[in-house]
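Please study the sequence and the three-dimensional structure shown here.

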Amino acid sequence: MFRGAVHLCAGRGHLGRRLSTLRGGSALGWAGKVSEIKKTLQSVLPGGAWNSLYDTSHLPPEQSDVVIVGGGVLGLSVAYWLKRLEKQRGAIRVLVVEQDHTYSQASTGLSVGGIRQQFSLPENIQLSLFSVNFLRNINDYLAVVDDPPLDLQFNPSGYLLLASEEGAAILESNVKVQRQEGAKVCLMSPEQLRNKFPWINTEGVALASYGLEGEGWFDPWCLLQGLRRKVQAMGVHFCHGEVTRFVSSSNRMETTSGEEITLKRIHEVHVKMDHSVEYQPVECAIVINAAGAWSGRVAELAGIGKGPPGTLQGTKLPVEPRKRYVYVWHCPQGPGLESPLVADTSGVYFRRDGLGNNYLGGCSPTEEEEPDPENLEVDHDFFQNKVWPRLAWRIPAFESLKVRSAWAGYYDYNTFDQNGVVGPHPLVANMYFATGFSGHGLQQAPAVGRAVAEMVLEGRFQTINLNAFLFSRFFLGEKVQEHNIF
Amino acid sequence: MHSLNLVAPVWNGVTKSIRDLSSSVAPKGSQKKGKRLLQFLADRFYDVEALREYLLQKQVSKVHQENRFQGQEWIQSSGRRPSSLELLSFQAVPVESVDASDCAINYEGLDNLLALKELQSLSLQRCPHVDDWCLSRLYQLADSLQELSLAGCPRVSERGLACLHHLQNLRRLDISDLPAVSNPGLTQILMEEMLPNCEVLGADWAQGLKSRPEKQSQDTASPTPA
């Protein structure tokens, strides 16, 4: 155990009773040697990353109770709630594996940052309501001793959804559901719209719904950093690497109807280090798939979807990356400070950004226009041809504007019904999903994190019932469709 | 039937919140050493860390408890305290104006104010916990509110001021001395555009401009009147 210390002493020679300065000295001074000895002793004592063969301090731990694949807002939210809801302090060891610690392609940082309760499913409304409460009290939840409080830069300006004749009935029934669940939303007629927001061209608008409270936009990067800081303070381990393999064991079992199925259990997660072939097998009890746009790939690694199509084994996780563009433009005569996040009947949306008459927005492409998600290059022609004409028609002031910049980000798009996947997989018993939110993951992350933590710790959802979002719906073909995704 | 004007009681103590602690006087040498020792212990012993976090949570929740208490207390006027019999006789009288200056009212405490459907004048000057979220609730007073003062509120920014567009009956709005507003001059102009019938006070458009160096030296040379 003192091998390291012995080497340092031996280096000074047989007559090494006196200080090394008399024999010509070594490269390190006395203070340097003391710190070397301290470091070696520290790494050798239990809990340190000491390996007799080589230094392993950059690798993740060899064992972890929960491994969360993906360190974005959803992954960190699950980590936070797992640590917060654990029965005993330090009971659960959590490891978060993130492949890109700069988050350059992660959906969280590239998000427009909006939050709304204007959904059609009661579950989605409840998730948003809890999340907005979380954001309002963020410094109560994420306070870290000696660190400054977080400033989310929340703009409580609300969302304004416009509906044409065909969509008016759906909008009205949605608003009814929203108000029942406790969201503060009101309906507006075209005339009321013209009075309140005179810069809107109300031609073709039959009805509009306007969020009065608890809706708006905020800085997603601040939420991410706040969660990261708090989660590190709570003792969650972070690892910068990529998950390349799951080692699992299978059990052939028979269902009550006599059908044979294979139940799998993941035992090890192989985490590969960046720019290297070195990997660490992490023994784990539970794996949480919060990999966002890459969740489909991670699920395939676990063998989900490898089987004859039409069976439960052959049902893939239908989450794939979809590229979405956001453009920033300047318009000196544009809508004023009161402008909410406006979503038009055509799918175009925009919001103000700051005090200087800058706006940002975009549009969801149709299925045929879907851009290739291979990279995050921006297509400026898309703005010219698809976004600007519709924008200028709805808001005449936007006929003269100047595009300042643009970026692209991924939706973790659920091709089945554009709603999240939450909860365990029926066959791979210890993989839990927290992904597939198709563009509204950020605004539901705090609540979804809590739901997944409840599922892991208690075995069922306790506060918000998300049974409708379980994986099994893909096999059973039960779509829980949301009518307002853009 | 006359209407009531209410004033919050004089609050003797200083509402100390965890935010004030970090922005208070810079710690002297001994305090710093104490803090470092505490951090050293907290890094090494789980118990010390848990104790620190527990104290932090207590501090944060202490603020909320004081607000709830305050939420009931403020109904009494300063100076003479009316007996409960007198207050009962006021039950049917609509409250016209409320002065909650320097009051530790927060988001939940606003429930009391928003229930006053005939409120015409509201003063929230120097309230330390009134922030953008609280302003987003004020739309419920849109029918009656004519005068609003937010002067000196440390947490109000231009993002919360943007929600005041619901208050179409507002005639006087005081947004002076808001340290969290990034550009007071520009905000004033945008607020005036947003509320055309309202007189917006406080932020002078010249505040954002820098005076020329010669003018500055002239000002310092001239004697300032007492």
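Across the interface of chain B and chain A, four salt bridges are found, a salt bridge being a side-chain nitrogen of Lys or Arg within 4 Å of a carboxyl oxygen of Asp or Glu. One salt bridge joins A:Arg136 to B:Glu108, with 3.4 Å between the closest N and O atoms. On the side of chain B that touches chain A, the elements giving two or more residues are helix H2 (29-44), helix H3 (46-73), helix H6 (132-135), helix H7 (158-161) and helix H8 (184-194) of chain B. Helices (H or I, at least four residues) and strands (E, at least two) are DSSP runs, numbered from the N terminus. H3(B) gives the most to this side, namely nine residues. By class, the side of chain B that touches chain A holds 13 nonpolar, 11 polar and 10 charged residues. Here Ala, Val, Leu, Ile, Met, Phe, Trp, Tyr, Cys and Pro count as nonpolar, Asp, Glu, Lys and Arg as charged, and the others, Gly among them, as polar.

The model is predicted: local features need pLDDT of at least 70 and side-chain atom pairs count only at pLDDT 80 or more, whereas totals for chains, interfaces and linings use all residues. Residues are numbered from 1 along each chain as its sequence is written, chains are lettered from A and ligands numbered from 1 in the order in which they are written, and side-chain values use heavy atoms, with hydrogens and water left out.

The contact (heavy atoms within 4.5 Å) takes 34 residues from chain B and 29 residues from chain A. The size of an interface is often given as the accessible area lost when the parts come together. Chain B and chain A bury about 2800 Å² between them, with 58% of it on carbon and sulfur atoms; buried area is the accessible area (1.4 Å probe) that two parts lose on being put together, summed over both.

Chain A is assigned domain 1 (61-153 + 215-318 + 415-485), domain 2 (159-213) and domain 3 (323-411), the bounds coming from an automatic or database domain assignment. Between the C-alpha centres of domain 1 and domain 3 of chain A lie 30 Å. These two domains of chain A, domain 1 and domain 3, bury about 1000 Å² between them, 69% of it on carbon and sulfur atoms. A:Leu110, A:Val112 and A:Trp217 supply 57% of the area that domain 1 of chain A buries against domain 3 of chain A, more than any other three residues. Between domain 1 and domain 3 of chain A, the count of salt bridges is zero.

Which strand of chain A holds A:Arg322? A:Arg322 lies in strand E11 (residues 319-330) of chain A. A:Arg322 is buried, with a relative accessible area of 10%; buried means under 20% relative accessible area, exposed over 50%, and partly exposed in between (1.4 Å probe, protein chains only). Beyond four places in sequence, the residues that A:Arg322 touches include A:Glu367, A:Glu370 and A:Tyr410.

A:Leu150 is placed in the loop between helix H6 (138-141) and strand E4 (159-163) of chain A. A:Leu150 is buried because its relative accessible area is 15%. Apart from neighbours within four places in sequence, A:Leu150 is in contact with residues including A:Ile138, A:Leu142 and A:Cys222.
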